[in-house]
Amino acid sequence: WASGAPFALAAGAELGERVTGVMLVAPRLVFQPDMERTHPAAEFFGGLRRHPWLIDAVFSIIRSKRSRRFLGPMIKRFFEGSAADAAVIERDPSLVPFFVDGVIEGLDVTREGPVREALMFAEKTSLDLSGLTAPVTVWPGGDDRLNGPDRARRLPKNRSGGPRAGEA
């Protein structure tokens with residue numbers, strides 16, 4: 001789901017024939033610099049991509065301030081970039097605290113996961129998918145401006161044939 005897509009693809013490649021299928025839901029495989037001024041998530045991650053030396057500090061601050069009061073508005077703004085997501089949140093406002101609690105729980109353990117993910121995105125890390133034998137199904141987020149159908153229909157390729165995190 002979203003930025004978990006490169007990890008799902010990498011796991012599928014590493015596990016080879018033991019994997020019977022990989023499902024990507026609104027995969028975030030492409031960085032869209034033109035969206036930085038119009039979508040809060042793209043603006044946030046675009047800034048980190050331009051200034052990767054700040055990634056560790058940013059997630060240290062987020063970890064130190066982890067609370068519903070701090071993270072709730074941030075997460076809610078991320079959903080506002082998609083009309084469909086905003087409608088779901090409006091119908092069930094309990095989803096925002098649910099996502100916030102998940103972020104807090106993860107950050108309680110460590111900040112290393114989000115830091116490494118952001119660094120992979122900033123560094124345009126190439127994935128070796130030569131071991132991926134399972135079929136890959138992509139379900140794009142129809143109204144999702146970050147992960148829309150036009151971008152999710154194709155997996156970005158690098159010279160060795162695998163997607164590059166954060167780059168088309």
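**Helix packing and cores in a predicted model**

Hi everyone, let's start with a pair of helices: α4 and α6 cross in a right-handed way, which means that the near helix is turned clockwise from the far one by less than a right angle. Helices here are DSSP runs of H or I with at least four residues, strands are runs of E with at least two, and both are numbered from the N terminus.

Before going on, a word on the source: this is a predicted model, where local features need pLDDT of at least 70, side-chain atom pairs count only at pLDDT 80 or more, and totals for chains, interfaces and linings use all residues. Residues are numbered from 1 along each chain as its sequence is written, and side-chain values use heavy atoms, leaving out hydrogens and water.

Back to our pair. The axes of α4 and α6 are 9 Å apart, and the angle is about 120°. Axes are lines fitted to C-alpha atoms over the stretch in contact, with angles from 0 to 180 degrees between N-to-C directions. By class, the contact of α4 with α6 has nine nonpolar, one polar and three charged residues. Nonpolar covers Ala, Val, Leu, Ile, Met, Phe, Trp, Tyr, Cys and Pro; charged covers Asp, Glu, Lys and Arg; the others, Gly among them, are polar.

Now the second pair. Helix α3 (residues 55-64) and helix α7 (residues 112-123) have axes that come within 9 Å and cross at roughly 150°. How do α3 and α7 run relative to each other? They are roughly antiparallel, a label for angles over 145 degrees. On the α3 side, I55, D56 and F59 make the contact. I55 touches L48, V115, A118, L119 and A122, leaving aside residues up to four places away in sequence.

What lies inside? The largest nonpolar core has 15 residues, and L48, I55 and F59 are among those with the most contacts inside it. Such a core is a set of buried Ala, Val, Leu, Ile, Met, Phe, Trp, Tyr and Cys residues joined through side-chain atoms within 4.5 Å, and buried means under 20% relative accessible area with a 1.4 Å probe, protein chains only. Which helix gives the most to this core? That is α6, with four residues.

Of its 168 residues, 37% count as buried.

Terms used. Parallel < 35°, antiparallel > 145°, perpendicular 65-115°, else oblique. Contact = heavy atoms within 4.5 Å. Buried < 20%, exposed > 50% of the residue type's maximum accessible area, 1.4 Å probe, protein only.
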